[in-house]
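This report describes the fold, the strand pairing and selected side-chain arrangements of the model shown below.

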Amino acid sequence: MKTHRVLPVLAALVVLAASPARAQTDSQTEQFTPEFREVHTGEDAKHTPKIEAPDSVKRGEWFQVTIRVGTGSMHPSLQEHFVRYIALYKDGVEISRAYLHPVYSAPVVTFTIALDEGGSLRALAEPTHSAAWTATRRIVVRD
């Protein structure tokens with residue numbers, strides 16, 4: 001019988017089973033610093049989204065909203081550092097999102113939307129090396 005080969009494996013399994021399990025609260029998101037988790041609302045030339053949209057639109061008519069990541073210069077799109085996605089919100093409700101690919105996608109998206117009432121448009125852009133960045137813009141809807 002080849003018990004001499006099985007015993008080391010069984011011993012290793014007993015050690016693993018006896019070792020304390022990691023707490024459920026030790027998830028990946030809790031390993032990030034607060035700066036990485038909190039959305040940035042300040043101005044940064046390469047990270048803050050810029051919302052391009054009309055100041056006012058007609059109720060129910062389609063119009064375009066373009067979001068560019070970077071108010072001074074465009075955010076890079078490299079394999080090791082790029083924008084994961086750009087999302088558009090209207091008064092706190094997400095209305096559209098685009099996921100971007102590194103290298104092949106520029107951090108610029110255009111959404112075609114229609115609104116029934118005015119309010120606040122908010123862009124959210126999440127790069128790979130920090131928490132998301134956000135910007136807002138008021139829009140008026142006329143009859």
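Of the contacts in the protein chain between residues at least 6 apart in sequence, 61% join residues at least 24 apart. The model is predicted. Its protein chain has a mean pLDDT of 81, and 74% of the residues reach 70 or more. Residues 9-26 have a pLDDT below 50, and beyond near neighbours in sequence this stretch makes two contacts in the model. Where pLDDT is low, predicted coordinates should not be read in detail. Of the 143 residues in the protein chain, 33% are buried.

## Fold and sheets

The protein chain contains two helices and eight strands. Along the sequence these elements follow the pattern α-α-β-β-β-β-β-β-β-β. Strands of a sheet pair through backbone hydrogen bonds, in either a parallel or an antiparallel arrangement.

Another open sheet has five strands in the order 2-8-7-4-5, and its pairing is mixed. Strand 2 (56-58) and strand 5 are at the edges with a single partner strand each, so one side of each has no neighbour in the sheet. The twist here averages 25° from one strand to the next.

| Strand pair | Direction | Bridges | Bridge partners |
|---|---|---|---|
| Strand 1 and strand 3 (residues 63-69) | antiparallel | four | glutamate 52 and threonine 66 |
| Strand 3 and strand 6 | antiparallel | six | arginine 68 and valine 108 |
| Strand 2 and strand 8 (residues 133-142) | parallel | three | serine 56 and valine 140 |

## Arginine 142 in strand 8

Arginine 142 is placed in strand 8. Its relative accessibility is 41%, so it counts as partly exposed. Leaving out residues up to four places away in sequence, arginine 142 touches Ser56, Val57, Lys58 and Arg59. Strand 2 covers residues 56-58, and strand 8 is joined to strand 2 by three bridges. The C-alpha atom of arginine 142 is separated by 8.9 Å from that of aspartate 116, which is 26 residues away along the chain.

## Aromatic rings and charges

How many aromatic pairs does a search of the whole structure find? The search returns one. A pair of aromatic rings is described by the distance of the centres and the angle of the planes. For tyrosine 85 and tyrosine 99, the ring centres are 5.8 Å apart and the planes stand at 55°, so the pair is tilted. Edge-to-face would require an angle over 60 degrees.

Tyrosine 85 belongs to strand 4 (residues 83-90) and tyrosine 99 to strand 5 (residues 93-99), so the pair ties together parts that are 14 residues apart in sequence.

A like arrangement involves arginine 122, which lies over the face of tyrosine 89 at 4.3 Å from the ring centre.

## Backbone angles in two loops

Most residues other than glycine have a negative phi. Aspartate 91 has a positive phi, near 50°. This residue is in the loop between strand 4 and strand 5, and at 41% relative accessibility aspartate 91 counts as partly exposed. Valine 103, which is not a glycine either, has a positive phi of about 75°. Valine 103 is located in the loop between strand 5 and strand 6.

Note on methods: Residues numbered from 1 in each chain as written. Predicted model: local features only at pLDDT ≥ 70, side-chain atom pairs only at ≥ 80, totals over all residues. Heavy atoms only, no water. Phe/Tyr/Trp six-rings, centres within 6.5 Å; stacked < 30°, edge-to-face > 60°. Lys NZ or Arg CZ within 6 Å of the ring centre and 35° of its normal. Pairing = 2+ DSSP bridges. pLDDT = per-residue confidence, 0-100. Contact = heavy atoms within 4.5 Å. Buried < 20%, exposed > 50% of the residue type's maximum accessible area, 1.4 Å probe, protein only. Axes fitted to C-alpha atoms, helices over the stretch in contact; angles between N-to-C directions.
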